[in-house]
Amino acid sequence: MTVKTPMPKAFHKVWAASGASSFGDGVYLAALPLLAASLTRNPVLLSVVTAAALLPWLFFGLIGGALVDRWDRRRTMWITDVARAALLFAAVGAIAAGWIGIPLLIGLAFLLGIGQILFDTAAASYLPELLERDPALLKRANARLRATVEASDRFVGPSAGAALFTLGRAVPLVTDAVSFVVSSLLIRSLPASPPKPAAAKGSLLKDARAGAAYLLRDPLLLGLSLRPALGNLAFSAGSAVFVLLAQDELHLGPTGYGLLISTEAVGGVLGSMLTTRLSDRLGIGGGLILTAAVLTVAQAGIGLTDSPVVVAAAMALRAAALGCTIVLAASVRQSVVPDELMGRVTAAGRLMALGAAPIGALLGGWLATVAGLRAPYLIGAGFLVASTLVSLTMTTNRKIESALAQAELTRRAAGGERAAPAIS
């Protein structure tokens, strides 16, 4: 019988901070389009507001990773949260003064997107530092964090954001700002990061390219990044026309559409909670292969049925498999990437994944126009077949176990760190 290593107390602060911040993010994500729609009915302007939050990843994602590798990660997180809170309070002041407009919202979304790059990359890099790169602890920690994000960001937060917006346009932004303040206070109380070894500071662009090159040269890390890239092509293609599919093919009204969306959050929470049990039985590589196959079947199922109940079940199953995939991939990456490259490699992987999303959305709109509303889901399932092949060839149990063993040998050779127990 394997004895589980207890989580350090500091992790519970990270967990609480993640819950507070994710709830605020969910509130904001629901309120931003409502606020924008109260200012304009122009679909192009509304889409620009939404896109402004993702554009920073395309422009600054790799640079953000390079900065995180230079800076103290804990300090980066809490200062970024303070800055994001200040931005939101400034927006509240603009609403109160009657200065709010679409250009201000675009700027707000863009600046908050830059903050998300720094915070998310620093958080992903700080966790293995906090847990001493113990693969078993990282897997459990990522499962808990992912379940919290699913529940707060995608289920409770959006519902609360829509309800708070009815009380006043500024109320959701105040709530999100307070969530960042709470998160920053919790993170500020965490143990300080160990000092980084003195190193010559070269070009940021050169550092950023080094992180991307490291990912592209490593078949395992490349496979872990290709999975979400192919997945985003498929999921974004379907998401771009999902509201039309729900209305025109499934004949659902606003309430039914909202309930359908909520099934994803429920599935995501359950999938994250089952991750450890799945990987214990099949291994991490086996778990990744299974989730890829499940994602393929679920995506095809949405495109092949006209039953809202079947679509809801497929969406929940898809979200569960996606939650497992994210936890397993993050845990492996955090265990095998050298600490000095963690921020840059994480950012490069996120850039690859997020860069595929707008391409998928455009493809989905075109496919729906020329071949019908079900085509984006059926063609998307083809991308997920390719994703399954990636898992079968690039992220197998043998390759993952070999990488984990090599990373452990490297840490032991460096000295001073305890050996991490094998994943059972």
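Here are my entries on cores, a helix and one alanine.

Before starting, I noted that this is a predicted model, where local features need pLDDT of at least 70, side-chain atom pairs count only at pLDDT 80 or more, and totals for chains, interfaces and linings use all residues. Residues are numbered from 1 along each chain as its sequence is written, and side-chain values use heavy atoms, with hydrogens and water left out.

Entry: Buried means under 20% relative accessible area, with a 1.4 Å probe and protein chains only. This core has 26 residues, and Leu-221, Leu-224, Val-332, Val-336, Val-337 and Ile-400 touch the most other members. Helices giving two or more residues include α9 (219–239), α12 (308–336) and α13 (342–371); I take helices as DSSP runs of H or I, at least four residues, numbered from the N terminus. The top giver is α9, with seven residues.

Entry: the other core. I found another core apart from that one, with 22 residues, Tyr-28 and Val-49 among them.

Entry: α12. How many of its residues are buried? I get 21 of 29, so α12 is mostly covered.

Entry: Ala-356. This residue sits in helix α13 and is buried, at 7% relative accessible area. Ala-356 touches Ala-229, Asn-232 and Leu-233, leaving out residues up to four places away in sequence; contact means heavy atoms within 4.5 Å. Ser-236 is 120 residues from Ala-356 in sequence, yet their C-alpha atoms are 8.5 Å apart.

Methods: A nonpolar core is a set of buried Ala, Val, Leu, Ile, Met, Phe, Trp, Tyr and Cys residues joined through side-chain atoms within 4.5 Å. Buried means under 20% relative accessible area, exposed over 50%, partly exposed in between (1.4 Å probe, protein chains only).
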